[in-house]
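Q: Can you walk me through this model? I'd like to go element by element and ask as we go.

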Amino acid sequence: MYHELDTYNLVAKLGNLKTFVHLLKAINFKESATCCGTENGLKVTVEDAKCVQASAYIPVQVFQVFTLKEDVIFRINLNVLVECLCMFWTNINCQGSSVSLQLFYKGTGHPVTILIEEDGVIVDCSLKTQDPDELLDFHLDSENVLNKIVVQTELLKDILSDLDPTSDLIEILLSPSPPYFRISTAGLGGICHIELPHDGDLIDNFQCTSTATSSYKLAHIKPAMKALSYANKVSLRTDTCGLLCFQYMVKTDEAHTCYIEYYISPVIDPDE
């Protein structure tokens with residue numbers, strides 16, 4: 001069926017699906033995703049209300065095969081893709097898993113075909129594609145980065161998961177002087193301030209040039225918390241406009257590094 005591989009713009013193969021599934025699940029908070037294939041690898045991006053943008057980066061080194069005739073971009077139903085892969089989740093998560101994936105895409109108007117193989121048994125999935133919507137150009141220029149910290153994910157995992165769910169907003173303060181790093185919420189349980197150390201064993205880097213406080217919708221922060229379960233480290237950066245970026249580093253079993261990025265726009269006070 002796939003002998004004429006030269007008719008496809010993109011042919012990719014993964015021998016280990018665990019990290020790939022983790023990456024997709026970490027950004028699966030909306031139905032549709034935009035996929036971009038370049039010579040650097042595969043990027044899958046999800047947006048919500050033009051306020052949140054999440055991307056999973058799978059570099060070309062992670063793939064056993066990555067053949068690309070030209071850059072490709074298409075939109076797919078991420079829910080369906082994750083469901084297809086999770087049919088094999090028990091086996092994928094087992095030691096010595098032999099579940100592999102092959103992906104084929106001819107180009108605009110064609111479906112994405114995915115072959116999932118386990119011990120000679122092949123499941124063939126065909127996913128319709130659509131023309132992608134234009135994505136917002138979220139990025140932090142180095143000259144605009146105001147504050148940056150790199151922490152072990154275990155430091156944030158418990159704190160963020162215990163935030164007051166009745167709070168609409170979460171306030172993040174970063175400063176070169178005390179309290180350094182503070183997370184605040186205000187809900188039915190009252191006002192809560194959580195101060196994190198700036199020089200503990202779980203802090204890998206703490207670079208704050210000036211005191212800055214920004215508020216974000218808790219509903220926008222919650223999807224970004226999914227990646228904490230899969231990542232080793234997370235970098236938090238803010239710029240002069242309050243744009244917040246979580247960048248997660250995810251290690252594969254083969255010691256390759258993949259990344260997840262979440263960009264979250266601040267809530268602007270109309271009185272300011």
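**Asp204 and its surroundings**

Q: What does Asp204 touch, not counting residues up to four places away in sequence?
A: Asp204 touches Val150, Val151, Gln152 and Lys233 on that count, where contact means heavy atoms within 4.5 Å.

Q: Before going on, what am I looking at?
A: This is a predicted model, so local features need pLDDT of at least 70 and side-chain atom pairs count only at pLDDT 80 or more, while totals for chains, interfaces and linings use all residues. Residues are numbered from 1 along each chain as its sequence is written, and side-chain values use heavy atoms, with hydrogens and water left out.

Q: OK. Which side chains make polar contacts with Asp204?
A: The side chains of Asp204 and Gln152 are joined by a polar contact of 3.0 Å, and a polar contact of 3.0 Å also joins those of Asp204 and Lys233. A polar contact is a pair of N or O atoms within 3.5 Å; within protein, one must be able to donate a hydrogen and the other to accept it, and residues adjacent in sequence count only if both atoms are side-chain atoms.

Q: Which strand is Asp204 in, and how accessible is Asp204?
A: Asp204 lies in strand β14. Its relative accessibility is 36%, so Asp204 counts as partly exposed; buried means under 20% relative accessible area, exposed over 50%, and partly exposed in between (1.4 Å probe, protein chains only). Helices (H or I, at least four residues) and strands (E, at least two) are DSSP runs, numbered from the N terminus.

Q: Where does β14 sit in the sheet?
A: β14 (203–208) is an edge strand, as is β6 (72–77), and each pairs on one side only. The open sheet has nine strands in the order β6-β2-β3-β4-β18-β17-β16-β10-β14, with antiparallel pairing. Two strands pair if DSSP finds at least two bridges between them.

Q: What's the twist?
A: From one strand to the next, the twist averages 15°.

Q: Is β3 enclosed or open?
A: It is largely enclosed by the rest of the structure, because six of the eight residues of β3 are buried.

Q: What about Gln53, buried or exposed?
A: Gln53, which is found in strand β4, is buried, with a relative accessible area of 6%. Its side chain makes a polar contact of 2.6 Å with the side chain of Glu47. Leaving aside neighbours within four places in sequence, Gln53 also has contacts that include Leu135, Phe138 and Tyr262.

Q: How many bridges join β17 to β18?
A: Eight bridges join β17 (residues 244–251) to β18 (residues 257–264), and the two run antiparallel. Val250 has Cys258 as its bridge partner in β18.

Q: Which strands does helix α1 lie across?
A: Helix α1 (residues 18–26) lies across β3 (41–48), β4 (52–59), β17 and β18, and runs at about 0° to β18. Helix α2 (residues 78–86) packs on the sheet as well, touching β2 (32–38), β3 and β6, with its direction at about 75° to that of β6. Axes are lines fitted to C-alpha atoms, for helices over the stretch in contact, and angles run from 0 to 180 degrees between N-to-C directions.
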